[in-house]
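Please brief me on this structure. Take the chain pairing, the core, the helices, the loops and the strands in turn.

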Protein chains: 2
Amino acid sequence: MDKSNVIEFISKQKTAFIGSVNEDGFPVIRAMLAPRKIDNNDIYFTTNTSSNKIKQFTENDKSCLYFYKRGLFKYQGVCITGKMEVCLDQNTKNEIWRTGDKIYYKQGVTDPDYCVLKFTCISAEYYCDLKKETVSF
Amino acid sequence: MDKSNVIEFISKQKTAFIGSVNEDGFPVIRAMLAPRKIDNNDIYFTTNTSSNKIKQFTENDKSCLYFYKRGLFKYQGVCITGKMEVCLDQNTKNEIWRTGDKIYYKQGVTDPDYCVLKFTCISAEYYCDLKKETVSF
């Protein structure tokens, strides 16, 4: 597995799991919709500005993403560690916005509760059944 | 949702996601088989003594578990924060062992690579679609 194989694998999964570290030092996991955009080492998600994870990432940008596929005979998973940036600037918000997002953000692309999470990959561990490989980014 | 509803929900899921914090302070997520036993606030898993997460939990016991169910119309997820204890004592290992485990641990219940993870719940966040509830343990 190399970086491009990892990107290809995660592009096919419908759910992403995001890890953060809360103010008491505990890890926290949440499920997210699949990434909106993957651009080299940067992976973009949309989320609510008011959510707890935005507070956590503003205080501590250390993060990870997990993607997996449980096949009939094979389990594949990848955990990528990296830094998470909360993007509140209108340019990034415009770029990531899709028309259907209005269901969640009534005020549209300028809705103050709409924001973008930008995850920058550092390294990954790829698991296939009981084997593990490290992948550099 | 109360504690018993959360326990009932997680008992039905086939995959558990475990969060730890690594030596550089980054969160790490891994998938695990469903818990082997749930006893009040304690949730037990089996794993390899040699695995990276054992090293991480020995140095930092702050942890979380995530379980989810993506239905046709409804998404449910629960993140429980708590402490993870690595159990290497033979009594706990005997109690949690099942015959089929010999596939993974050739030396059986005394295999030095077989160990038990005991997670003690502190509190949980239950997510159902866009709503969130806090559950005490």
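The briefing below goes topic by topic.

This is a predicted model: local features need pLDDT of at least 70, side-chain atom pairs count only at pLDDT 80 or more, and totals for chains, interfaces and linings use all residues. Residues are numbered from 1 along each chain as its sequence is written, while chains are lettered from A and ligands numbered from 1 in the order in which they are written. Chain A meets chain B through 21 residues on each side. A rotation of 180° superposes chain A on chain B.

**Interface**

- 21 residues of chain A are in contact with 21 residues of chain B (contact: C-beta atoms, placed from the backbone, lie within 7 Å).
- On the chain A side, the elements giving two or more residues are strands E1 (15-21), E2 (27-33), E5 (62-70) and E6 (75-87). Helices (H or I, at least four residues) and strands (E, at least two) are DSSP runs, numbered from the N terminus.
- E5(A) gives the most to this side, with six residues.
- By class, the chain A side has eleven nonpolar, seven polar and three charged residues. Here Ala, Val, Leu, Ile, Met, Phe, Trp, Tyr, Cys and Pro count as nonpolar, Asp, Glu, Lys and Arg as charged, and the others, Gly among them, as polar.

**Symmetry**

- The rotation of 180° comes with 0.0 Å of shift along its axis, and the RMSD is 0.0 Å. The two copies are thus related as by a two-fold rotation axis.
- Superposition is by least squares on the C-alpha atoms of residues with pLDDT of at least 70 in both copies.
- A:Pro27 comes closest to the rotation axis among the residues of chain A, at 2.9 Å (C-alpha).
- The same surface serves both copies, as 100% of the contact residues of chain A recur in chain B.

**Nonpolar core**

- The largest nonpolar core has 57 residues. Such a core is a set of buried Ala, Val, Leu, Ile, Met, Phe, Trp, Tyr and Cys residues joined through C-beta atoms within 7 Å.
- The residues with the most contacts inside this core are A:Phe17, A:Leu65, A:Tyr66, B:Phe17, B:Leu65 and B:Tyr66.
- Strand E7 (residues 114-128) of chain A provides the largest share of this core, eight residues.
- Beyond its neighbours within four places in sequence, A:Phe17 is in contact with A:Ile29, A:Ala31, A:Leu65 and A:Tyr66, and also with B:Phe17, B:Ile29 and B:Tyr66.

**Helix H2**

- A residue is buried if 20 or more other C-beta atoms lie within 10 Å of its own, exposed if 12 or fewer, and partly exposed in between; C-beta atoms are placed from the backbone.
- In chain A, helix H2 (residues 52-59) has A:Lys53, A:Gln56 and A:Phe57 as its buried residues. Seen down the axis of H2(A), they fall within an arc of 95°, so they line one face of the helix. The arc is that of the directions from the helix axis to the C-beta atoms.
- The face of H2(A) turned away from the buried side carries exposed A:Thr58 and A:Glu59.
- E1, E2, E5 and E6 of chain A are what the buried residues of H2(A) pack against.
- In chain B, the buried residues of H2 are B:Lys53, B:Gln56 and B:Phe57, with B:Thr58 and B:Glu59 exposed on the other side.

- A:Asn40 has a positive phi, near 55°, though not a glycine. Most residues other than glycine have a negative phi.
- A:Asn40 sits in the loop between strands E3 (37-39) and E4 (42-48) of chain A. A:Asn40 counts as exposed, with 10 C-beta neighbours inside 10 Å.
- B:Asn40 also has a positive phi, of about 55°, and lies in the loop between E3 and E4 of chain B.
- A:Asn48 belongs to strand E4 of chain A. A:Asn48 is partly exposed, with 15 other C-beta atoms within 10 Å.
- A:Asn48 and A:Val116 lie 68 residues apart in sequence and 8.3 Å apart in space, C-alpha to C-alpha.

**Strand pairing in chain B**

- E5(B) and E6(B) run antiparallel, joined by nine bridges. Two strands pair if DSSP finds at least two bridges between them.
- E5(B) and E6(B) form a hairpin with four residues between them. B:Lys69 stands opposite B:Gln76 in E6(B).
- E6(B) pairs with E7(B) in the antiparallel sense over twelve bridges. B:Cys87 stands opposite B:Val116 in E7(B).

Definitions and conventions. Contact = placed C-beta atoms within 7 Å.
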